[in-house]
Amino acid sequence: MSAVSTFKSSSSSSATFATTETEHRIQATQFNNMGGRGRSRTQRKHFSQNRENVWKRSKSDASAIDTPADNNNNAGKSHWEPFKTQNPAFDDYYKEQGIVSSEEWDTFNKFLRTPLPAAFRINSSSQFYKDILFRLENDFMKSLPAEDTDGNAVNAIEVLPWYPDHLAWQSYYSRNQLRKNQALEQFHEFLKLENDIGNITRQEAVSMVPPLFLDVRPDHFVLDMCAAPGSKTFQLLEMIYKLTEPGTLPTGMIIANDLDVQRCNLLIHQTKRMCTANLIVTNHEAQNFPSCHLHKNGENINGPALRQLQFDRVLCDVPCSGDGTLRKAPDMWKKWNAGMGNGLFGLQVQIAMRGLALLKVGGRMVYSTCSMNPLENEAVVAELLRRCKGTIELVDVSTELPQLARRPGIKTWKVRDKGLWLTSYKDVRRNRQAAATPGMFPSGKLYDEISEPDQETANGQTCENSNGTDENGGELIDDSVAPTSNVEAEVSDLPLERCMRIVPHDQNSGAFFIAVFQKLLPLPAPTPVQRKGTRGESQKQLNGVKEDKNGDDVDVSGEMDVQMSEAAAAASLVDTGICEIPSDADQNKNLVETGTLETPLDADQKKIKQQDEKQENKTSDDKVDTKTVPDKKRKLQMQGRWRGVDPVIFYKDETVVSKIMDFYGIKESFPIKGHLISRNEETSHVKRIYYVSNSVKEALELNLLGGQQLKIAAVGLKMFERQTSKEGTSAPCLFRISSEGLPLILPHITKQILYASPIDFKHLLQYKSIKFPDFVDPSLREKASELILGCCVVILRTGWVQSGSGEDAMPIAIGCWRGRTNVSVMVNANDCQELLERVSALRSDEASEPVADAVPIQESTDDVTISEANGSDGTVMAPETL
């Protein structure tokens with residue numbers, strides 16, 4: 001069982017949708033560990049369950065309900081109350097850890113108890129990012145009312161100076177103020193609209209920092225291990241798309257993973273705004289993310305060029321206690337306790353080790369948390385360095401982003417366990433060794449590594465015996481009482497000062513921790529030796545059983561003892577893929593492959609594994625397509641392995657593809673064949689066809705040949721959609737171009753294109769459907785009537801300039817439907833509104849044409865309706881289930 005099992009509610013048997021990002025991750029881990037895999041299909045309703053960032057209690061909060069008002073037991077009226085931002089345990093803990101000096105403690109506390117300023121980032125790959133930047137600098141910065149800070153007026157919005165190219169901004173108004181202040185209504189609506197479309201992303205400022213230190217380039221393979229809700233993934237996508245020409249795709253890709261299915265929905269919704277063909281969303285435990293390689297058993301498979309899934313960059317933003325987010329989630333004050341960080345330490349180490357194993361030699365991994373606790377930060381980093389034994393390096397990035405206010409990592413800390421302050425592992429009481437492990441301390445030393453005098457001192461001061469007294473006959477210290485001795489804490493000899501801490505009062509932000517690793521060599525191979533016990537451990541304890549005070553056996557196999565001896569730990573890591581085996585380590589490799597080093601799985605994992613094996617062995621002519629591999633003659637399942645998840649099928653209906661290419665005049669230079677996929681096994685019933693980049697295509701081929709190790713929740717860019725209306729089914733081409741796929745395919749189509757003047761383009765966006773005679777431009781009337789029935793693309797005619805952009809701006813285009821008598825727009829409401837505002841602000845000679853010259857427009861109802869043609873009513877859609 002995971003270390004986060006201490007957070008499990010005793011009255012619930014399944015994970016609930018939590019109210020904070022941290023709770024999402026914690027409860028998602030619980031859900032998986034409890035064997036909860038029943039609701040693996042994505043649900044649309046989950047999109048509406050996002051957390052509101054408010055400083056008020058919910059009306060449904062029972063604690064906010066008044067007591068009965070009279071003797072007749074009439075319930076009092078519910079009311080709103082501010083959260084209490086006090087927690088003595090929090091103050092005591094961080095004062096002792098020395099996160100900030102005593103002189104700045106009051107300032108630190110003051111910032112923690114004030115709302116967090118709103119921040120957002122402009123999408124640099126957006127078609128209109130220069131226009132948005134121009135409007136922020138020349139409109140909102142001047143028109144928004146100034147915000148008073150300690151009596152001093154400051155700009156309402158400002159650029160974050162450390163973020164490149166002025167793409168990140170911070171408002172001194174909190175999110176709650178933006179919603180409530182009428183003077184800010186226009187700015188708030190601007191933020192909402194642009195965020196929904198994908199032109200900007202509303203994200204906490206410090207959350208933008210970790211991806212910047214990854215140094216991502218367009219050709220990199222990137223893994224985001226704990227990706228939901230997706231803000232950092234979106235940021236990584238922006239990086240690989242940087243400098244990409246219109247109509248082309250970067251050669252790299254991103255795999256965004258999250259454990260919880262519901263959080264995967266949020267991740268898919270967030271990244272869907274990017275309209276990318278270079279993303280795969282997966283649903284796995286981060287610590288057990290599949291390696292997905294073809295040469296595991298020495299097989300010689302003739303397959304794709306990609307033989308193993310390894311990454312140039314890994315973002316390891318692990319689940320944490322989240323106390324760095326107190327400014328935006330003040331409800332955490334009453335929930336915080338010191339044990340939260342202790343319980344997550346083991347899981348964080350496992351996830352980070354798995355990320356390092358998947359990282360290519362020479363690659364870079366960023367480990368980050370939104371916690372201030374050194375047990376989740378420096379302690380994890382130190383443990384990684386010790387386990388990897390010189391194969392990784394903690395990179396000094398102090399010269400990067402010089403304008404970012406940050407502090408070096410600390411080298412000394414203490415462990416708080418059951419009310420006791422522990423300075424060394426020798427102080428850990430025998431019955432707490434599974435909870436407070438050596439790796440949590442700065443030195444990371446086991447008992448047998450501590451000097452003999454120290455052991456004697458430890459035994460005399462802290463160890464229990466059967467009489468409940470120490471060797472001098474004195475009464476043992478109770479767990480709830482802090483020790484009276486003032487022993488200096490250990491100091492780590494590792495270069496932990498290369499880590500960085502961001503604290504709230506340095507730049508009016510949240511708190512964050514970041515460490516950057518570079519992989520120098522393959523991770524060390526394990527040594528198959530038997531585990532040795534620590535002080536007082538019996539063989540029963542090593543097997544997951546210990547004795548209680550009455551001598552009865554107690555099962556403690558569910559407790560996470562992450563600090564096993566190195567040999568046993570390495571054996572476990574090899575079995576799960578966390579450790580790598582160098583190619584010349586044949587002996588150890590054989591041990592692993594023959595099962596000698598295999599670590600026993602718990603009951604739930606065994607059950608799941610057996611179910612998967614049974615499902616793989618089933619043969620069905622209707623649902624399972626198999627392929628025989630040379631040499632081994634082993635049948636590999638090609639689709640449908642994961643229960644509740646639609647399979648990924650390469651779309652190979654040549655007749656349909658040929659009709660699509662001919663109808664739209666798609667150039668042969670555009671790589672379309674072999675890049676189309678669907679999520680439906682029955683070709684005749686495919687409703688949506690997705691397009692994937694070459695890198696994603698290779699990863700999918702590798703995954704299919706490897707037995708579908710990846711549980712894929714979403715992949716590819718929706719390029720074509722089947723028409724379902726009566727008129728649509730009679731068109732020569734049954735598939736229309738999707739709004740998401742239009743920007744990519746637009747430079748490569750030569751047919752079904754119309755060029756409209758700004759006045760006609762605005763009319764289309766405003767009225768949604770226009771009859772041919774109602775177009776202002778006579779040439780447009782003629783060309784529209786000559787088009788073939790079906791989908792068409794209307795492009796805004798050149799001769800205009802975006803605000804703040806150059807003459808070479810990418811053309812504005814929308815997908816439409818050429819009906820029998822009219823042209824109808826197939827764009828959702830938000831996109832129409834945004835485009836209408838931009839076209840209305842165009843600076844061109846044509847834009848000055850008076851609307852009065854236009855022929856009166858009548859909305860058409862005898863043609864295909866917008867909802868039928870578009871298949872969308874503007875609501876957020878979950879991943880398609882076909």
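## The loop between β7 and α8

Pro 229 lies in the loop between β7 and α8; helices (H or I, at least four residues) and strands (E, at least two) are DSSP runs, numbered from the N terminus. The peptide bond that joins Ala 228 and Pro 229 is cis, with omega of about 10°. This is a predicted model, in which local features need pLDDT of at least 70 and side-chain atom pairs count only at pLDDT 80 or more, while totals for chains, interfaces and linings use all residues. Residues are numbered from 1 along each chain as its sequence is written, and side-chain values use heavy atoms, with hydrogens and water left out.

Gly 230 is also found in the loop between β7 (221-224) and α8 (231-241). Gly 230 is buried, at 0% relative accessibility; buried means under 20% relative accessible area, exposed over 50%, and partly exposed in between (1.4 Å probe, protein chains only). Apart from its neighbours within four places in sequence, Gly 230 is in contact (heavy atoms within 4.5 Å) with Leu 267, Gln 270 and Thr 271.

## The annotated binding site

An unreviewed UniProt entry lists Cys 226, Ala 227, Ala 228, Pro 229, Gly 230, Ser 231, Lys 232, Asp 258 and Asp 317 under "binding site". These residues span 92 residues in sequence, yet no two of their C-alpha atoms are more than 13.1 Å apart, so they gather at one spot. UniProt positions are given in the numbering used here, feature names are shortened, and annotations may be inferred rather than shown by experiment.

Lys 232, in helix α8, is buried, with a relative accessible area of 9%. Leaving aside neighbours within four places in sequence, the contacts of Lys 232 include Asp 224, Leu 315, Asp 317 and Phe 512.

## Two residues with positive phi

Asp 165 has phi near 60°, a positive value in a residue other than glycine. Asp 165 sits in the loop between β4 (157-159) and β5 (168-174).

For Asp 215, phi is near 55°, again positive in a residue other than glycine. Asp 215 is in the loop between α7 (209-212) and β7 and is partly exposed, at 40% relative accessibility.

## Helices α10 and α11

Residues in α10 that meet α11 include Phe 345, Val 349 and Leu 356, and their partners in α11 include Val 380, Leu 384 and Arg 387. The residues of this contact of α10 with α11 divide into nine nonpolar, one polar and two charged. Here Ala, Val, Leu, Ile, Met, Phe, Trp, Tyr, Cys and Pro count as nonpolar, Asp, Glu, Lys and Arg as charged, and the others, Gly among them, as polar.
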